[in-house]
Amino acid sequence: MGRRDNARRAPAGARAGTPGDAVHDRRWARDVRDAVRCAGVLLVLLLLVDWGAGRIALWRAVLWLALSLLLFLVLFPARVSAGQDWLASRRLLREHRVRTDLLVSVRCLGGVSQRLLLRDAFGARVEMDPDTLVHNPELWHLLAESARKAEAGGLLLCGQTALHRLSARMERETALAVFKASGLE
């Protein structure tokens, strides 16, 4: 039991090494600013409507502030980072980390917004937006390289199809980016 917990807390290369070893989501800061802007615009609009109607009061302003804060918390993006054989997703309160070289399951969850669910042999799981990988090829490269290790080792029992679909999407997005950059749209 102790070995399992130690492996989950400190995956190989997860905390050791220099800070340059980890690759982070490049769009995270922009997404945080967008969340702040959306929450701020909602607050300003609600206060303007109250002021225009002549019903502005302190208790209503506090209510609108709480509503805007709730919107910010809902929109706050996860910070995804990866290194050699690990991937982590950090929300406001907690970080989830998986060993990507020990993946046993990769699933694409549908719905309003697609999610990618990764599970490792220790039972740890990370849920993330697949667009994060599309917009950050470095993260995708680290994940795909380690997932190939897990697949070759016979650990990845569920999810080869999801990874191959994601790989095809990555190749398509890369080709589109090359065409746009060269003016061949």
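What volume does the largest pocket have? About 410 Å³. A pocket here is an open set of points on a 1 Å grid over the protein atoms alone, where a 1.4 Å probe fits, with protein on both sides within 12 Å along at least five of seven lines; lining residues have an atom within 4 Å of a point. Grid points are joined across faces, edges and corners, and the volume is the space filled by probe spheres set on the points.

Before you click further, two housekeeping notes. This is a predicted model, where local features need pLDDT of at least 70, side-chain atom pairs count only at pLDDT 80 or more, and totals for chains, interfaces and linings use all residues. Residues are numbered from 1 along each chain as its sequence is written, and side-chain values use heavy atoms, with hydrogens and water left out.

**Stop 1**

Now colour by secondary structure. Helix 2, helix 3 and helix 4 each give two or more residues to the lining, and helix 4 gives the most, with 3. (Helices are DSSP runs of H or I, at least four residues, and strands are runs of E, at least two, numbered from the N terminus.) By type, the lining splits into 7 nonpolar, 4 polar and 8 charged residues. In that count, Ala, Val, Leu, Ile, Met, Phe, Trp, Tyr, Cys and Pro are nonpolar, Asp, Glu, Lys and Arg are charged, and the others, Gly among them, are polar.

Stay on Thr-132, which sits in helix 4. Is Thr-132 buried or exposed? Buried, at 12% relative accessibility; the cut-offs are under 20% relative accessible area for buried, over 50% for exposed and partly exposed in between, using a 1.4 Å probe and protein chains only. Leaving aside neighbours within four places in sequence, Thr-132 is in contact (heavy atoms within 4.5 Å) with Asp-25, Val-80 and Leu-139.

**Stop 2: zoom out**

Show the whole cartoon: 6 helices and 7 strands, running α-β-α-α-β-β-β-β-β-β-α-α-α from the N terminus on. Buried residues make up 34% of the 185 in the protein. Among contacts between residues at least 6 apart in sequence, 56% join residues at least 24 apart.

**Stop 3: the nonpolar cores**

In soluble globular proteins, nonpolar side chains tend to be buried together. Here a nonpolar core means a set of buried Ala, Val, Leu, Ile, Met, Phe, Trp, Tyr and Cys residues joined through side-chain atoms within 4.5 Å. Select Leu-87, Leu-103, Val-106, Leu-118, Leu-133 and Trp-140, which touch the most other members of the 25-residue largest core. Elements giving two or more residues to this core include strand 5 (103–109), strand 6 (115–120) and helix 6 (160–182). Helix 5 gives the most, with 7 residues.

Centre on Trp-140 next. Not counting residues up to four places away in sequence, Trp-140 touches Leu-133, Leu-163, Leu-166, Ser-167 and Met-170. Apart from this core lies another, of 6 residues, among them Trp-28, Ala-35, Phe-72 and Phe-76.

**Stop 4: the salt bridges**

How many salt bridges does a search of the whole structure find? There are 11, each a side-chain nitrogen of Lys or Arg within 4 Å of a carboxyl oxygen of Asp or Glu.

Start with Arg-60 and Asp-50, whose closest N and O atoms are 2.7 Å apart. Arg-60 lies in helix 3 (residues 58–75) and Asp-50 in helix 2 (residues 28–53), so the pair ties together parts that are 10 residues apart in sequence. Arg-60 is buried, at 15%, and Asp-50 is buried too, at 3%.

Then pick Lys-149 and Asp-85, with closest N and O atoms 3.0 Å apart. Lys-149 is in helix 5 and Asp-85 in the loop between strand 2 and strand 3 (86–90), so this bridge ties together parts 64 residues apart in sequence. Lys-149 is partly exposed, at 39%, whereas Asp-85 is buried, at 11%.

Glu-127 and Arg-125 also meet in a salt bridge, at 3.7 Å, N to O. To finish, select Arg-30, Asp-31, Asp-34 and Arg-37, which salt bridges with shared partners join into one network.
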